[in-house]
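Reader: I've got a structure to look through and I'm new to this. Can we go over it together?

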Amino acid sequence: MQLTALDLTDFRSYPRLSLSFQPGITVLVGQNGQGKTNIVEALWYLATLSSHRVPHDAALVHRGESTAIIRASFVRAGRPLQVDLEITPGRSNRARLQGQNVSRLRDLLGEVRAVLFAPEDLGLVKADPEGRRRFLDELLFEIAPRFASVKADYDRVLKQRGNLLKQMRSLRRGGSGRSVAGLDPADSAASTLEVWDQQLARFGAELLRARLHLVNRLSPHLGYSYLRVSTDEGADPGLDLPPDQRGDVNSPASIRYRSSVLEELGAPVGSLPGTREIQDAMLEMLVTGHDEEIDRGATLTGPHRDDMEIRLHDFPAKGYASHGESWSLALALRLASYDLLRLEEGDLGDGEPILILDDVFSELDTRRRERLGRIVTSASQVLITTANDSDIPDSLDGEIHVIEVSLGDAVPRGSGSRS
Ligand SMILES: Nc1ncnc2c1ncn2[C@@H]1O[C@H](COP(=O)(O)OP(=O)(O)OP(=O)(O)O)[C@@H](O)[C@H]1O
């Protein structure tokens, strides 16, 4: 798909901005703090309904205003697509698709397909599991939007179950609870807990299996992409190997989904147990874990505690991979997502996502930069932000459209060819 126009109203530093985009490579260039990332952040928000920089919407609205509006036009599968989104912190955001109101915001997921790589992605390798779970869920919702509802249901039940566990903990510590319909408060809490167990296991199994399936599919692309961006002499296995041959490439990088439920099931790496099997195992773990959970006042089993382990030379990358290798792994994860969407999810004949590289060239050494340039040259639309023209690698081939971003405005400089 291709972005053709982006209009922002009161988004971040822009009271108003209108920009047109061409297919191919667009470089947004400007000094630090001029608003380059703000532009690509708006596009990423349309794809994922979240920012890659902040967990809450308040920072996205121009200082002193109450609502930000992002409007974007695309061509997808040869047809125009228009998406409008109003962000009003503290109230429900509203969206329109082709000018029609969208009843649930989640229905927007899957419409705009993008992959973004940003300096924050180093955290995918080095930081806590939360970011890796978010990475998986964002990709999952782009591919199969219905799982956004499953996740919302899971989060809702998890929260209610957590509140109940805390309540049971204070009852256990001698607090007095309210009796409901003549029932002893402890008995009524225990029977409510059973209901939450069932629901949590049901939604949890669906989410867990979908993430596991995604990691199994992503893994060969990750191994292959790592070889393409790593700096090892002769490692690059060549451009665009077909997906079914990527698993055969001997790569030092791999990913696996880690879950206590899968460990309990004894599921081998790369296998995919059925939803029912996962649900039964999770339910049993929840029930046998009640005592400890009440003590700690928290749910200890389920996809909210899972992780995607990134491995290098068969060691967990966190604590093993060097800084440069960690960058290659983070980049390989994003390129793997891009390839999965492009090669296996092009359901509309035009599923190729828009590739966004936010300020990453300056973070990479020359060799990785050149390799990345070569890989992204073949993408149908790439948006790049950079503070320095000189960070753009020579290997980035073809026509490059440049937009200069300065003092709250963005102006096309024109285009030039490097080929
Ligand atoms: N809600 C907001 N209202 C007004 N201005 C904002 C808001 N949020 C961010 N800004 C401003 O936007 C600017 C940062 O924009 P952005 O992060 O896009 O910069 P950049 O060009 O990508 O910079 P760098 O090269 O340093 O990454 C800062 O000047 C910041 O003060």
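Reader: Does glutamine 34 count as buried or exposed?

Author: This is a predicted model, where local features need pLDDT of at least 70, side-chain atom pairs count only at pLDDT 80 or more, and totals for chains, interfaces and linings use all residues. Residues are numbered from 1 along each chain as its sequence is written. A residue is buried if 20 or more other C-beta atoms (placed from the backbone) lie within 10 Å of its own, exposed if 12 or fewer, and partly exposed in between. Glutamine 34 has 20 C-beta neighbours inside 10 Å, so it counts as buried.

Reader: Which loop is the place of glutamine 34?

Author: Helices (H or I, at least four residues) and strands (E, at least two) are DSSP runs, numbered from the N terminus. Glutamine 34 sits in the loop between strand 3 (24-29) and helix 1 (36-48).

Reader: And which residues does glutamine 34 touch, not counting those up to four places away in sequence?

Author: Contact here means that two C-beta atoms, placed from the backbone, lie within 7 Å. With that sequence limit, the partners of glutamine 34 are Val405, Ser406 and Leu407.

Reader: What about threonine 37: which residues is it in contact with, leaving aside neighbours within four places in sequence?

Author: Threonine 37 belongs to helix 1. It has 22 other C-beta atoms within 10 Å, so it's buried. Leaving those sequence neighbours aside, threonine 37 is in contact with Asp358, Asp359 and Thr385.

Reader: How much of the chain counts as buried?

Author: The chain has 11 helices and 15 strands. Of its 419 residues, the buried part is 42%.
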